[in-house]
Amino acid sequence: MKRISLTQYLVEQQREHGLIPSQLRLLIEVVARACKHIAIAVNKGALGEVLGSAGTENVQGEVQKKLDVISNEVLIEANEWGGHLAAMASEEMDSIHVVPNRYPQGEYMLLFDPLDGSSNIDVNVSIGTIFSVLRKIGHARGVSEQDFLQPGKQQAAAGYCVYGPQTTLVLTVGNGVALFTLDRETGSWVLTQQDLRIPEDTKEFAINMSNRRHWAAPVTRYIDECLAGKHGPRGKDFNMRWVGSMVADVHRILSRGGVFLYPWDAREPGQAGKLRLMYEANPMAFLVEQAGGAATNGRERILDLVPTRLHERVSVVLGSKHEVERVLAYHREAG
Ligand code: P6P
């Protein structure tokens with residue numbers, strides 16, 4: 001495959017498919033550049049005085065790592081001056097960040113988890129940035145939290161960056177999924193794979209097994225059948241992976257298939273799940289569907305869910321289509 005830059009890819013996607021108007025191209029390039037800065041900070045580790053806790057809590061009540069705060073600031077500062085955005089929302093901020101009046105407002109809204117998998121930062125395990133792009137509804141200046149509450153099927157673009165053995169950017173604008181690898185010698189994002197496809201079948205599942213006693217029956221049934229292996233109802237052995245960074249687990253699934261589950265569990269019965277709909281589940285669901293996979297909350301398609309709160313949580317079952325459909329069927333059978 002011809003190795004082209006992110007910019008050339010975006011220009012060609014616009015020329016051939018009209019999917020990337022100039023403001024969206026600028027947005028994607030600015031986010032990609034911000035991810036490079038985050039990668040540099042992450043890669044410094046202890047040498048950069050960026051490990052450990054920031055001593056603050058985010059809206060989720062979670063202790064923020066220094067790199068959570070740094071990554072959030074990098075994305076805010078990179079995106080507010082360009083005129084492509086009306087506002088931003090982040091896992092690390094209670095309310096939306098409206099583009100200041102000193103800058104022109106654009107027609108897009110950016111949502112992100114600036115550094116997903118923070119618990120892995122201090123132990124040098126892959127982490128990442130997840131982002132979702134929505135179109136601003138209406139053209140009057142001014143934007144509210146309500147404007148963000150759009151179902152995931154209305155996303156204009158979605159992607160993530162993995163800070164791992166390679167630094168990779170995975171992106172969709174609704175015409176398949178493309179993968180870019182950071183060339184550290186030139187500082188460029190280089191197209192290294194496109195039209196990623198998730199196999200419809202798999203022998204690999206990803207779930208935090210320590211929560212088994214808290215799951216609902218359909219999830220326990222599905223996982224126990226996988227564990228029963230070739231002599232059980234599935235007639236084949238399964239492998240398990242759980243990185244504890246959604247970005248890393250989803251990247252593996254986009255690369256070789258698999259099914260990822262973070263289901264509702266009885267530890268917090270009032271919460272639909274642990275993961276956040278707007279800036280974790282929705283962007284990942286868009287990418288997974290664009291790669292031929294499926295993404296549900298166990299009962300409904302994630303991209304159809306109508307959000308009611310900016311930081312609402314959701315159950316997530318995504319990946320190889322036939323496995324996701326089986327989990328759906330088990331939930332339906334349970335009624
Ligand atoms: P647990 C990271 O904190 C995260 O939000 C996802 O990236 C990851 O998949 C999940 O939580 C891990 O949760 O309960 O296994 O630590």
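The model is predicted: local features need pLDDT of at least 70, side-chain atom pairs count only at pLDDT 80 or more, and totals for chains, interfaces and linings use all residues. Residues are numbered from 1 along each chain as its sequence is written, and side-chain values use heavy atoms, with hydrogens and water left out.

**Helix α8**

- Helix α8 covers residues 321-334; at 1.5 Å a residue its 14 residues should span 20 Å, which agrees with the 20 Å between its end C-alpha atoms. (The expected span is 1.5 Å times one less than the number of residues; helices are DSSP runs of H or I, at least four residues, and strands are runs of E, at least two, numbered from the N terminus.)
- Glu323, Val324, Val327, Leu328, Tyr330 and His331 of α8 are buried (under 20% relative accessible area, with a 1.4 Å probe and protein chains only).
- Those residues lie on the same side of α8, because they cover an arc of only 160° around the axis (taken from the directions from the helix axis to the C-beta atoms).
- On the other side of α8, Arg332 and Glu333 are exposed (over 50%).
- Packing against the buried residues of α8 are α5 (217-228), β13 (259-262), β15 (294-296) and β17 (316-319), with contact meaning heavy atoms within 4.5 Å.

**Ligand site**

- The ligand is surrounded by 13 residues, and the closest are Asp116, Asn208, Trp242, Met246 and Tyr262 (a heavy atom within 4 Å).
- A ligand oxygen atom is 2.7 Å from a polar backbone atom of methionine 246.
- For the side chain of tyrosine 262, an N or O atom is 2.6 Å from an oxygen atom of the ligand.

Terms used
A polar contact is a pair of N or O atoms within 3.5 Å; within protein, one must be able to donate a hydrogen and the other to accept it, and residues adjacent in sequence count only if both atoms are side-chain atoms.
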